[in-house]
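Please look over the sequence and the structure shown here before reading on. The briefing that follows takes one part of the fold at a time.

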Amino acid sequence: MNTMSFRRIVWPILVVGFLTFACAQPDAVLTAKVKSGLAVDTTVRATQIEVSTKNKVVTLTGNLDSEAEKGRALQIARSTSGVADVVDMIAVRTGAESGDAPAPDRTMGEHIDDAVITAAVKNRLLEDPQVKGLKIDVDTQSGVVFLTGTVGTAAEVTRAVEIARSTEHVRDVKPNLVVSRG
């Protein structure tokens, strides 16, 4: 085989291989692209959303304050190049127990009470050997604890909810935890 025919055969194979490799977007790249899109958007509080990707399927997990914010986060993820599908695990916080009425203006004392509850739950999660507390975000609003994050087993979800429920002054627990082995 002469050099010219070698180039005609090998060169196109190398180009196709390179383009395939360059165009393939591993899950970590897709996760980073979605996180970047959320971070630059002024509507979405990106720090309240966890992004994970498996086989080009992006899962958004978190607790947000409005349907508009949730909708925008989902729109950003769905419009990100390379994303095959988006799984919505975002909960929208509600101010009243029924979920229909907005929360009335809260006093400084109520904000402090919620901060104390959040700290107590987070501390207990970190101390428990069965729960990976670093992977669970804790937010509290009017005594309702929102748990968000990714854990390794269903038993860990159950244990995290038990810990939160048994913490003093907790009125309710809203788990938004995803089980993921990866």
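## Helix H3 and the sheet

In this predicted model, the buried residues of helix H3 pack against helix H2 and against strands E1, E2 and E3. The points below take up the helix, then the sheet, and then the way helices are placed on the sheet.

**Helix H3**

- Helix H3 covers residues 67-78 and lies across E1, E2 and E3, running at about 165° to E3.
- The residues of H3 that are buried, with under 20% relative accessible area, are Glu69, Lys70, Ala73, Leu74, Ile76 and Ala77.
- Seen down the axis of H3, these buried residues fall within an arc of 160°, so they line one face of the helix.
- An α-helix has 3.6 residues a turn, so residues three or four places apart point the same way.
- On the other side of H3, Glu67, Ala68 and Arg78 are exposed.

**The sheet**

- Three strands form an open sheet in the order E1-E2-E3, and their pairing is mixed.
- Strand E1 (49-54) and strand E3 (85-92) are the edge strands, each pairing on one side only.
- On average, and with direction ignored, neighbouring strands of this sheet are turned by 10° against each other.
- Strand E2, made of residues 57-64, pairs with E3 in the parallel sense over 8 bridges, and Asn63 stands opposite Ala91 in E3.

**Helix H2 on the sheet**

- Helix H2 (residues 27-40) packs on the sheet, where it touches E1 and E2, and its direction makes about 155° with that of E1.

Definitions and conventions. Residues are numbered from 1 along each chain as its sequence is written. This is a predicted model: local features need pLDDT of at least 70, side-chain atom pairs count only at pLDDT 80 or more; totals for chains, interfaces and linings use all residues. Side-chain values use heavy atoms; hydrogens and water are left out. Two strands pair if DSSP finds at least two bridges between them. Helices (H or I, at least four residues) and strands (E, at least two) are DSSP runs, numbered from the N terminus. Axes are lines fitted to C-alpha atoms, for helices over the stretch in contact, and angles run from 0 to 180 degrees between N-to-C directions. Contact means heavy atoms within 4.5 Å. Buried means under 20% relative accessible area, exposed over 50%, partly exposed in between (1.4 Å probe, protein chains only). The arc is that of the directions from the helix axis to the C-beta atoms.
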